[in-house]
Amino acid sequence: MSENNNVFRDNEVEANKIASNIMFISFIIYTGIYLLNVVGVFIIKQGIMNLAYILGSVCLLTPYVLVKRFNNHSWYIKYLIVFAAAMFIASTNMVLAFHIVVLFGMPILVASVYFNKKLINTAIICTLILTIISQFLYYNFDLVKDLNFYNMKKFIMFGIFPRSLGIIYFGWLAKRVYARAYTILGNLMSAEEQNNLMKKNELIKNKAQNVSNVLTTSVDDLKNSTKNVSESNQIVSKESRDVLNNTSKK
């Protein structure tokens with residue numbers, strides 16, 4: 001049991017490193033997008049872009065610093081990474097609105113690295129709630145004008161509803177991948193357990209054979225000892241009779 005716990009623990013530590021690397025690479029890409037906006041490739045107002053970049057950078061770099069710099073692999077780190085990814089999407093969505101497209105699935109994909117059903121469910125719920133809240137915030141603050149949402153009904157129909165469906169779809173895909181991976185892992189572990197059981201049985205068989213050999217040898221030694229004692233007794237008995245006979249003749 002403890003051996004399995006060690007395997008899962010090692011897997012979680014490795015997943016923390018992979019997830020934090022994903023966050024750091026996302027930060028580099030995000031920095032590239034920011035610089036492209038600075039040189040005029042994109043048309044987002046620089047003040048709004050600065051706000052989005054600061055908020056997003058904090059969310060993306062926090063897990064990387066904790067895992068890579070401080071080597072923190074506490075039980076809560078995986079949840080913090082997923083929450084940070086969801087906050088990155090929410091803050092970016094709040095400020096940049098329709099400029100982000102497929103990023104909504106990022107927290108769920110990060111959670112998939114851990115092959116943990118509970119964490120994937122947490123990522124789906126967290127991303128869904130934070131994304132809906134961020135959409136209401138950007139709609140009310142009107143930081144980036146989106147002409148598709150000229151009233152609340154259109155906003156819910158063409159903004160919140162399709163993006164929520166996208167998040168749920170990403171979550172469903174992640175859970176299917178998890179289920180498949182869990183089945184494969186279970187089969188591998190079953191095969192390994194069977195192999196270990198066979199090895200233990202072979203070891204027990206060998207030990208039993210050794211014990212049997214030792215007992216057989218001991219029995220043989222005992223028979224030889226008994227035979228020797230019997231022969232010695234016969235010799236003593238004969239010598240005793242001879243002595244008695246000689247004494248009688250005198």
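Arg9, Glu12 and Lys78 are joined in a network of salt bridges, a salt bridge being a side-chain nitrogen of Lys or Arg within 4 Å of a carboxyl oxygen of Asp or Glu. The structure is a predicted model, in which local features need pLDDT of at least 70 and side-chain atom pairs count only at pLDDT 80 or more, whereas totals for chains, interfaces and linings use all residues. Residues are numbered from 1 along each chain as its sequence is written, and side-chain values use heavy atoms, with hydrogens and water left out.

A search of the whole structure finds 2 salt bridges. In one of them, the side chains of arginine 9 and glutamate 12 meet at 3.4 Å, N to O; these residues are 3 apart in helix α1 (residues 2-38) and are therefore separated by about one helical turn. Helices (H or I, at least four residues) and strands (E, at least two) are taken here as DSSP runs, numbered from the N terminus. Lysine 78 and glutamate 12 also meet through their side chains in a salt bridge, at 3.3 Å from N to O. Because lysine 78 lies in helix α3 (residues 77-96) and glutamate 12 in helix α1, this pair ties together parts that are 66 residues apart in sequence. Glutamate 12 is buried, with a relative accessible area of 16%, and lysine 78 is buried at 8%, whereas arginine 9, at 36%, counts as partly exposed. In these assignments, buried means under 20% relative accessible area, exposed over 50%, and partly exposed in between (1.4 Å probe, protein chains only).

With regard to the overall organisation, the protein has 6 helices and 0 strands, and reading along the sequence gives the pattern α-α-α-α-α-α. Of its 250 residues, 31% count as buried. Among the contacts in the protein with a separation of 6 or more, 70% are accounted for by residues 24 or more positions apart, where contact means heavy atoms within 4.5 Å.

Helix α2 (residues 46-69) packs with α3 at an angle of about 175°, and their axes are 9 Å apart; the axes are lines fitted to C-alpha atoms, for helices over the stretch in contact, and the angles run from 0 to 180 degrees between N-to-C directions. This angle makes α2 roughly antiparallel to α3, given that angles under 35 degrees count as roughly parallel, over 145 as roughly antiparallel, 65 to 115 as roughly perpendicular and the rest as oblique. On the α2 side, the residues that meet α3 include Ile48, Leu51, Leu55, Cys59, Pro63 and Val67, while those of α3 that meet α2 include Ile77, Ile81, Ala84, Phe88, Ser91 and Val95. By class, the contact of α2 with α3 has 19 nonpolar, 3 polar and no charged residues, where Ala, Val, Leu, Ile, Met, Phe, Trp, Tyr, Cys and Pro count as nonpolar, Asp, Glu, Lys and Arg as charged, and the others, Gly among them, as polar.

Polar side chains in buried positions were also examined. Asparagine 93, located in helix α3, is buried with a relative accessible area of 0%, and its side chain makes a polar contact with the side chain of serine 134 at 2.8 Å. A polar contact is a pair of N or O atoms within 3.5 Å; within protein, one must be able to donate a hydrogen and the other to accept it, and residues adjacent in sequence count only if both atoms are side-chain atoms. Serine 26, in helix α1, is buried with a relative accessible area of 17%, and its side chain reaches the backbone oxygen of isoleucine 22 at 2.8 Å. Residues up to four places away in sequence not being counted, serine 26 touches Leu60 and Met106.

Most residues other than glycine have a negative phi. Asparagine 71, in the loop between α2 and α3, has a positive phi, near 50°, and is exposed, with a relative accessible area of 53%. Phenylalanine 115, in the loop between α4 (106-112) and α5 (117-141), likewise has a positive phi near 50°, and this residue is partly exposed at 44% relative accessible area. Asparagine 11, in helix α1, is partly exposed at 34% relative accessibility; its C-alpha atom and that of tyrosine 114 are separated by 7.6 Å, although these residues are 103 apart along the chain.
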